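I opened this entry to keep track of what I looked up, going from the whole chain down to single residues.

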Amino acid sequence: MDKLVIRGGTPLLGTVRISGAKNAALPCMAAALLTDEPVILENIPQVRDIETTRKLLAAMGADVELGYGRANHRTTICARTLAAPEASYELVKTMRASTLVLGPLVARCGRAHVSLPGGCAIGARPIDLHIKGLERLGAKITQEHGYVEATADRLHGAEIVFDKITVTGTEDLLMAATLAEGETVMQNCAREPEVADLAALLNAMGAKITGAGTSTIRIKGVSKLHGARHRIIPDRIEAGTFIIAGALTGGDLNITGCDPAHLTTILAKLEETGVKTTVKTDSVRVMGDQPLRAADMNTEEYPGFPTDMQAQYMALATQAEGTSIVTENIFENRFMHAQELLRMGANIKIEGRRAIVQGKSALSGAAVLASDLRASASLVLAALVADGETIIDRVYHLDRGYEKIEEKLKAVGAQIRRVGNILPPR
Ligand code: EPZ
């Protein structure tokens, strides 16, 4: 099992190029199931979850080419025939976003046999809203032996109001509604940029969607969708992670190939802590030459401060003068990074959904354990400013959503290397 070894204390200087957004690429790959023609997706990130999705689609009978050429990371998916419209527990348990195939399979094949995702490190993460919405669209759903079985002769349009804002729930039903008979109106939808990116692909495939990116989305069903070519948006969470890395290490980083319009709340919050940035059309420059000051932060659905940046923000808060109260409103168990940060010398007290972070703490390198994707990123950030060497184990969590993170960090001066099994520091 790979580990990352990081020696802290080096300011990061130079340019980091942001990869395509994992959380846009995953639903866009699932959308290819809706047509028997080729769908070409560009700017695909080279991360583990994309490989998992490739396996998932191939197991159903789709042709999936995935290439990471220097010029462009691209996948071409052609679901001409789908012999097995299902997603096995073996794959779904490694990536809960596999449930994104549920809506497309019912819409395209009239049947889907998809494993329930089961628990996850950051929370229960049920898919009851996906199922409720599919039933509104006319699917018959049964659940047994850990699987969801969904069938429908043809889905029909409906009025859907989400009890809670759900990103993949919005995406799953958006895809299903494109081939339903009649119009569907969905309210209380997720407004994340990744939803709008998926809708852009679906409309390029011939769907008739309006309102994506707002809380009300209208879909006029069509009988068939055709192939298309689409470029995935940049990863706003990767960009936010590197901006914090530049700020934390007192560096001067130019983050290119990003979309600052997706970063407004993150940049506003970081400015409140004293982080200085200059924003251009597709880049953000961060200068960490100012002392950091504490600022409270609440995670909210987009356009609020993203829950996927909470762990990274907590690492920053340990280096800010004063008390920062970090409140996690989206998931019930997303503070596992706090225990590991405490072992590095941070001063954090967890009270239910709130983490009270006292800064500035001198962090020291330690052997730590990654528990989930964004917690791992938080530990990398802390290690970059800790005194001495940190060994982060189970970095496969990190590899799920960050493309070549050690190469990108090394290129701007970080002392970081990936190793196999080694003994923790004495
Ligand atoms: C998406 O997960 C992202 N994953 C997550 O990113 C992200 O943290 C999350 O949205 C919130 O922004 C992808 O896009 C692949 P939700 P998703 O449904 O869709 C509850 C990362 O690090 N809920 O918006 O699974 C749920 O329990 C990952 O890249 C229900 O109760 O999240 C949670 O409390 C981690 N019933 C809240 O809604 C449902 O049917 C929001 O979850 C669905 C969700």
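**Overall build**

I began with burial: 58% of the 426 residues of the protein count as buried. I note here that the model is a predicted one.

For secondary structure I found 14 helices and 24 strands in the protein. I then checked the radius of gyration, which is 21 Å against the 22 Å that the globule rule gives for 426 residues, so the protein is as compact as a globular protein of that length. Along the principal axes, the C-alpha atoms fill a box of roughly 60 × 45 × 40 Å.

I looked up contacts next. Among those with a separation of 6 or more, 73% join residues 24 or more positions apart.

**Surface and charge**

I have the accessible surface of the protein at about 16600 Å², and carbon and sulfur atoms hold 49% of that. The side chains include 48 positive and 49 negative ones. The centres of these two sets lie 3 Å apart.

**Helix H1**

How many of the 10 residues of helix H1 are buried? I get nine for this helix, residues 22-31, so H1 is largely enclosed by the rest of the structure. The buried residues include Lys22, Pro27, Cys28 and Met29.

**Aromatic pair**

My search for aromatic pairs returned one. The ring centres of Phe305 and Tyr313 are 5.6 Å apart and the planes stand at 70 degrees; an angle over 60 counts as edge-to-face, so I logged the pair as that. Both Phe305 and Tyr313 are buried.

**Cis peptide bonds**

I noted a cis bond from Tyr302 to Pro303, with omega near 10 degrees. Pro303 sits in the loop that runs between strand E18 (297-298) and helix H10 (310-317).

I noted another cis bond from Gly359 to Lys360, with omega near 5 degrees. Lys360 belongs to the loop between strand E21 (354-359) and strand E22 (367-369).

**Positive phi**

Asn43 is not a glycine, yet its phi is positive, near 65 degrees. I placed Asn43 in the loop between strand E3 (39-42) and helix H2 (48-60).

His145 also went on my list, with a positive phi near 55 degrees in a residue other than glycine. The loop that holds His145 lies between strand E8 (140-144) and strand E9 (147-151).

Is Asn43 buried or exposed? Its relative accessibility is 13%, and the cut-off for buried is under 20%, so Asn43 counts as buried.

Conventions: Residues numbered from 1 in each chain as written. Predicted model: local features only at pLDDT ≥ 70, side-chain atom pairs only at ≥ 80, totals over all residues. Heavy atoms only, no water. Helix = DSSP H or I, 4+ residues; strand = E, 2+ residues; numbered from the N terminus. Rg over C-alpha atoms; globule rule 2.2 N^0.38 Å. Buried < 20%, exposed > 50% of the residue type's maximum accessible area, 1.4 Å probe, protein only. Contact = heavy atoms within 4.5 Å. Areas by Shrake-Rupley, 256 points an atom, 1.4 Å probe, with all protein chains shown as cover. Lys, Arg positive; Asp, Glu negative; His and termini not counted. Charge placed at Lys NZ, Arg CZ, Asp CG, Glu CD. Phe/Tyr/Trp six-rings, centres within 6.5 Å; stacked < 30°, edge-to-face > 60°.
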